[in-house]
Amino acid sequence: MRFSSYCFFIFLVAISCGQAPEKPVQKAQKKPVKSQFEPSISWPEGMAKRKENMVLIPSGDFVMGAVQEGEYRREYPAHPVHVDAFYMDSTEVSNADFMEFVKATDYKTIAEREIDWEELKEQLPPGTPKPDEEALQPGSLVFSPPAPGVALESHFQWWDWKVGANWKNPLGDETPPEMDMELPVIHVAYLDAKAYCEWKGKRLPTEAEWEFAARGGLDGQRFVWGDEDPLHNDTLANIWQGEFPRENSAADGYLERAPVGSYHPNGYGLYNMAGNVWEWCSDLFHESYFKTIDGTKVCYNPIGPNTSYDPRDPYAIKRVIKGGSFLCHVSYCENYRPSAREGSSEDTGMPHVGIRCVEPVKE
Ligand SMILES: [Ca+2]
Ligand SMILES: [Ca+2]
């Protein structure tokens, strides 16, 4: 078991509105990425378009990746992809959903387990000194806005390791607050998310499934609702308004998480595919994965690369996360676009990363 939550703390490596910006803040007109590919969507006949809290995502072809110039390097090149039909949870997994799982199984998330130094040091460069015992107690990372005047050259300045932080106690308070069961579960690692989905008889989406579903039938658009920039409309998604990471006006109604099912759903009836909390996918994260794909042919149901590599954090094994979170703002990152893709260490829970499951369509 890796414990890269702690590696993350040691090496000052972060995700999300949590990574160094790769492109300048600018809202200039950008040119569309050219594609000769014609998208298509086909609804399977005789399939229920809804079941329980899931919606049917039809099979279809789409252009995966950046829809215009100027996005992050890892979103290029855009390429044609086909995904088969599947059902997807219409909302992020809530605390109530996760509580049901924990009560039935006595499951402990990784953030609730002791950190084994012997295991941890295998993931660290030789000679890394053993940290204080306190730092090896169960915990997770919490968002902590830096004080005025502090330079912002490192995202380390807004992430703190907090003993006792976990999905039931997001800030690691001495007296945990009463849980809001309608909020999306957080501080869950990929391995926790996978365990939850499997218990439900479901699985995590592939990155291709997630992105196809997020587009909601609007192929070639920058956002899940179309082209309107959420900088100019506070009703579209739960993201950050103001100057990241110090000032959040919460003009969209939420400083942190919004209840699952908030805001308008996308074209398939999926809520919060942009913002609120990131969502785990099953694919390993490789920064250059798209460059290895033959874009002259349609790629059928891709499941991602065989290896993980993030040049910003080369020691970690990462999985793809999609959708961005309440911490995303274009002044630092713009990860609430459906083509945006990030990697997060598979054994690391974060206060802005959650879960959404899918289920195959049984013929
Ligand atoms: Ca917000
Ligand atoms: Ca989300």
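What is the strand order in the open sheet of four strands? Could you also take me through what packs on that sheet?

Modeller: Happy to! Please keep in mind that this is a predicted model. The order is β14-β13-β11-β15, and the pairing in this open sheet is mixed. The edges are held by β14 (342-345) and β15 (353-354); each has a single partner strand, so one side of each is left without a neighbour in the sheet.

Let us turn to β11 and β13. Strand β11 covers residues 278-284 and β13 covers residues 318-322; the two run antiparallel and are joined by three bridges. One pairing to look for is that of Leu-284, whose bridge partner in β13 is Arg-319.

Helix α5, residues 207-215, packs on this sheet and touches both β11 and β13. The direction of α5 makes about 5° with that of β13. Nine of the nine residues of α5 are buried, so the helix is largely enclosed by the rest of the structure. Just after α5 comes Gly-216, with a positive phi of about 60°.

Of its 363 residues, 47% are buried. Taking contacts between residues at least 6 apart in sequence, 75% join residues at least 24 apart.

Methods
Residues are numbered from 1 along each chain as its sequence is written. Chains are lettered from A and ligands numbered from 1 in the order in which they are written. This is a predicted model: local features need pLDDT of at least 70, side-chain atom pairs count only at pLDDT 80 or more; totals for chains, interfaces and linings use all residues. Two strands pair if DSSP finds at least two bridges between them. Two residues are in contact if their C-beta atoms, placed from the backbone, lie within 7 Å. Axes are lines fitted to C-alpha atoms, for helices over the stretch in contact, and angles run from 0 to 180 degrees between N-to-C directions. A residue is buried if 20 or more other C-beta atoms lie within 10 Å of its own, exposed if 12 or fewer, and partly exposed in between; C-beta atoms are placed from the backbone.
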